[in-house]
Amino acid sequence: MTIKKFAGADRDQDFCQWLEENPDGFYLNERAKHSVMLHRVGCWHLGDGSEVNTTKNFKVASQEVEPLQQWANLHDFQLENCCTCNPS
Ligand SMILES: [Zn+2]
């Protein structure tokens with residue numbers, strides 16, 4: 001199972017590419033310290049591109065929900081489901 005983390009400067013492009021290649025995937029978006037939001041790829045939250053900022057908020061992406069939940073547990077992040085795209 002592959003998990004990809006996108007964080008820091010110059011990763012926006014990589015993240016956008018991953019989204020294009022994984023239209024049925026899921027990703028975590030950092031919300032605050034120790035808090036992440038789970039989204040489906042294609043969620044309108046990312047629609048206009050303003051959320052694609054891996055410097056401000058890191059992303060963790062995977063084709064499936066479970067490894068992302070495990071990632072959040074392992075790294076002590078509170079995980080919330082986006083109520084717009086309802087990922088799980
Ligand atoms: Zn969402």
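Modeller: Two strands pair if DSSP finds at least two bridges between them. Helices (H or I, at least four residues) and strands (E, at least two) are DSSP runs, numbered from the N terminus. This is a predicted model, in which local features need pLDDT of at least 70, side-chain atom pairs count only at pLDDT 80 or more, and totals for chains, interfaces and linings use all residues. Residues are numbered from 1 along each chain as its sequence is written.

Colleague: Which elements does the protein then have, and in what order do they run?

Modeller: There are two helices and five strands, arranged from the N terminus as β-α-β-β-β-α-β.

Colleague: What makes the sheet open, and what is its strand order?

Modeller: The five strands lie in the order β1-β4-β2-β3-β5, with mixed pairing. Strands β1 and β5 stand at the edges with a single partner strand each, so one side of each has no neighbour in the sheet. Neighbouring strands are turned by 25° against each other on average, direction ignored; the axes behind this angle are lines fitted to C-alpha atoms.

Colleague: How do you know that β1 and β4 pair?

Modeller: Strand β1 (residues 3-6) is joined to β4 by four bridges in the antiparallel sense, and the criterion asks for at least two. Within this pair, isoleucine 3 stands opposite serine 62. Strand β2 (residues 26-32) also runs antiparallel to β4 over four bridges, with leucine 28 partnered by valine 60.

Colleague: Why is asparagine 86 called exposed?

Modeller: A residue is buried if 20 or more other C-beta atoms, placed from the backbone, lie within 10 Å of its own, exposed if 12 or fewer, and partly exposed in between. Asparagine 86 has 11 within 10 Å and is therefore exposed. This residue is found in the segment after β5 (78-81).

Colleague: How does the radius of gyration agree with a compact globule?

Modeller: The rule, applied over C-alpha atoms, is 2.2 Å times the number of residues to the power 0.38. For 88 residues a compact globule would have a radius near 12 Å, and the protein has 12 Å, which agrees.

Notes: Axes are lines fitted to C-alpha atoms, for helices over the stretch in contact, and angles run from 0 to 180 degrees between N-to-C directions.
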